[in-house]
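Student: Before we accept any label attached to this model, could we go through the terms and set each value against its cut-off?

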Amino acid sequence: MINQVTLVGRLTKDPDLRYTPDGKAVSNITLAVNRHYKNASGEIEADFVHCILWGKTAENTTNYCKKGSVLGVTGRIQTRNYDNQEGKRVYVTEVVAEGVRFLSSKPVGTRETTQQAPQAPRQPQPVPQREELPFA
């Protein structure tokens, strides 16, 4: 059986980091993932996907990402259910993250960006000609 999902989307709010009673870091995030087509009004809609991050992934995401950051998340779909305070059964579908990639540039004002000297724009490297390629 295969249960694997890959998402790229924007954080809908800043991640909130919590710890379980036994000290494990956990963060719940929601990614806004655009659909690949427009609706009848000509607008692109988005799906809002709930994801759970654990351990260092949760801590790093909380430290380096904020609302609007673009993330790539790989993981697995998990379903669960519980009875709410009114006794009604609630079903939840979420992604348990196994890997997260930060796809936005560093936010301006972070410690890393304020201490570095400005860098010159990176020049494109020339593509080697066919004769220079060792595998041609």
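Tutor: Let us start with a pair of side chains, those of Thr30 and His50, which are joined by a polar contact of 3.2 Å. The model is a predicted one, in which local features need pLDDT of at least 70 and side-chain atom pairs count only at pLDDT 80 or more, whereas totals for chains, interfaces and linings use all residues. Residues are numbered from 1 along each chain as its sequence is written, and side-chain values use heavy atoms, with hydrogens and water left out.

Student: Why is the pair Thr30 and His50 called a polar contact?

Tutor: The term requires a pair of N or O atoms within 3.5 Å, where within protein one must be able to donate a hydrogen and the other to accept it, and residues adjacent in sequence count only if both atoms are side-chain atoms. The distance between the side chains of Thr30 and His50 is 3.2 Å, so the pair meets the distance limit.

Student: What makes Thr30 buried rather than exposed?

Tutor: Buried means under 20% relative accessible area, exposed means over 50%, and partly exposed lies in between, with a 1.4 Å probe and protein chains only. Thr30 has a relative accessible area of 13%, and therefore counts as buried.

Student: How do you know that Cys51 and Cys65 count as buried?

Tutor: Cys51 is at 1% relative accessibility and Cys65 is at 8%, so both values fall under the 20% limit.

Student: How many disulfides does a search of the whole structure find?

Tutor: The search finds 0 disulfides, a disulfide being a pair of cysteine sulfur atoms within 2.5 Å.

Student: Why is the link between Arg35 and Glu45 called a salt bridge?

Tutor: A salt bridge needs a side-chain nitrogen of Lys or Arg within 4 Å of a carboxyl oxygen of Asp or Glu. The closest N and O atoms of Arg35 and Glu45 are 2.9 Å apart, so the pair qualifies. Arg35 lies in strand β3 and Glu45 in strand β4, so the pair ties together parts that are 10 residues apart in sequence; strands here are DSSP runs (E, at least two residues), numbered from the N terminus.

Student: What makes Arg35 partly exposed?

Tutor: Its relative accessible area is 28%, which lies between the limits for buried and exposed, so Arg35 is partly exposed.

Student: Which residues do salt bridges that share partners join into one network?

Tutor: Asp47 also forms a salt bridge with Arg35, with the closest N and O atoms 2.7 Å apart, and the network joins Arg35, Glu45 and Asp47.

Key: Helix = DSSP H or I, 4+ residues; strand = E, 2+ residues; numbered from the N terminus.
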